[in-house]
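Trainee: I would like to learn how to read packing features from a set of coordinates. Please take them one at a time.

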Amino acid sequence: HAPYEELEPLVSRLNEQRGELLERMSAIQDADDMRREFTANVTHELKTPIASISGASELIRDGICRPEDVQGFAGRIYDDARRLSSLVSDILMLSKLDETERAGDRASLFGPDEQVDLLVVAHDVERRLAPKAARMGVTLHVEGVSYVIQGNARLLDELVSNLVENAIRYNREDGHVYVWVLPHDGRPSIRVSDTGIGIPEEAQKKVFERFYRVDKGRSRDMGGTGLGLAIVKHAAAFHDAEVSLTSKLGEGTSVTVTFP
Ligand code: ADP
């Protein structure tokens with residue numbers, strides 16, 4: 001028998017390895033729990049509009065709804081179909097981003113990086129979303145300097161669109177959205193600020209989680225999927241950029257993405 005002193009280092013090494021293994025198992029378990037929760041959320045989010053579409057179209061088909069109500073039901077079907085379409089594209093975008101992170105290969109799903117001017121992206125988003133903002137009484141402003149970075153144009157457009165859409169969606173009537181393209185600590189950055197409802201302190205970290213919403217009703221009514229900021233987080237990570245959010249209830253929210 002080996003004396004205890006000789007066994008001691010062996011035992012402590014075994015203990016260390018046991019600790020590492022337990023840690024790895026718990027990380028796998030967490031990832032598995034997250035996947036399960038995501039799937040449950042997706043199922044729920046998809047089922048709701050599908051049930052509504054089936055119900056409304058059945059009433060029309062069977063002639064149960066009054067002729068004067070047909071238009072209302074058709075409107076509901078249209079809105080739910082639009083919602084399904086946004087959900088599906090957001091889910092696909094997130095799964096492409098997940099896959100890219102997992103494989104560590106940016107080019108295979110998104111193509112090679114290109115030169116992208118952040119100010120051009122901001123103006124494109126402004127042009128596209130200004131009519132929607134105007135319908136809600138919100139004014140968009142884009143200011144700043146031309147800043148060319150290496151990246152993926154479509155993903156940067158998606159990132160800025162999601163931020164501006166939120167800034168419009170959670171604003172007040174006669175509110176404003178400011179998009180700034182400026183250096184931040186000497187690095188290229190884009191900041192989207194609004195004069196909206198703000199986010200409570202305790203929710204400010206959670207809003208980047210998939211399907212987390214401060215106000216479910218408002219998000220849904222405004223066409224939100226609950227995935228916008230999760231996409232922003234991953235699209236920023238794709239560009240090695242940092243995201244920071246500041247917000248004050250009743251005053252507004254500001255999200256800054258700073259590129260390397
Ligand atoms: P959604 O599709 O619901 O807007 P997001 O992931 O984009 O999903 O945002 C998550 C939640 O964070 C929103 O439901 C909303 O409650 C809150 N939120 C996001 N952006 C803003 C903002 N600019 N002002 C206030 N609340 C916001």
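Trainee: At roughly what angle do the axes of helix α2 and helix α7 cross?

Mentor: Some ground rules come before the angle. This is a predicted model, in which local features need pLDDT of at least 70 and side-chain atom pairs count only at pLDDT 80 or more, while totals for chains, interfaces and linings use all residues. Residues are numbered from 1 along each chain as its sequence is written, and side-chain values use heavy atoms, with hydrogens and water left out. Helices (H or I, at least four residues) and strands (E, at least two) are DSSP runs, numbered from the N terminus. Axes are lines fitted to C-alpha atoms, for helices over the stretch in contact, and angles run from 0 to 180 degrees between N-to-C directions. Here α2 (residues 67–103) and α7 (residues 228–238) have axes that come within 10 Å and cross at roughly 35°.

Trainee: Is the crossing of α2 and α7 left-handed or right-handed?

Mentor: A crossing is left-handed if the near helix is turned anticlockwise from the far one by less than a right angle, and right-handed if clockwise. The crossing of α2 and α7 is left-handed.

Trainee: Which residues make the contact?

Mentor: Contact means heavy atoms within 4.5 Å. From α2 come Asp90, Met93, Leu94, Leu97, Asp98, Thr100 and Glu101, and from α7 Ala230, Ile231, His234, Ala235, Ala237 and Phe238. Sorted by class, there are 8 nonpolar, 2 polar and 3 charged residues. In this scheme Ala, Val, Leu, Ile, Met, Phe, Trp, Tyr, Cys and Pro count as nonpolar, Asp, Glu, Lys and Arg as charged, and the others, Gly among them, as polar.

Trainee: Why is α7 described as largely enclosed by the rest of the structure?

Mentor: Buried means under 20% relative accessible area, exposed over 50%, and partly exposed in between (1.4 Å probe, protein chains only). Helix α7 is largely enclosed because 9 of its 11 residues are buried. Among the buried ones are Gly228, Leu229, Val232 and Ala236. The cover over the buried residues of α7 includes α2, α3 (106–110), α5, β6 and β7 (252–258). Just after α7, Asp240 takes a positive phi of about 55°.

Trainee: How many residues does the largest nonpolar core have?

Mentor: In soluble globular proteins, nonpolar side chains tend to be buried together. A nonpolar core is a set of buried Ala, Val, Leu, Ile, Met, Phe, Trp, Tyr and Cys residues joined through side-chain atoms within 4.5 Å. The largest one here has 51 residues, and Val164 and Val177 have the most contacts inside it. Helix α5 (residues 153–169) gives the most to this core, with 8 residues. Not counting residues up to four places away in sequence, Val164 touches Val125, Leu129, Leu140, Val177, Val179 and Val192.

Trainee: What does the side chain of Thr195 reach?

Mentor: A polar contact is a pair of N or O atoms within 3.5 Å; within protein, one must be able to donate a hydrogen and the other to accept it, and residues adjacent in sequence count only if both atoms are side-chain atoms. Thr195 sits in the loop between β5 (187–194) and α6 (216–221), and counts as buried at 17% relative accessibility. Its side chain reaches the backbone nitrogen of His176 at 2.8 Å and makes a polar contact with the side chain of Asn171 (2.9 Å).

Trainee: Where is Ser247 placed?

Mentor: Ser247 is in strand β6 (residues 242–248) and is buried, with a relative accessible area of 18%. The side chain of Ser247 reaches the backbone nitrogen of Ile199 at 2.7 Å.
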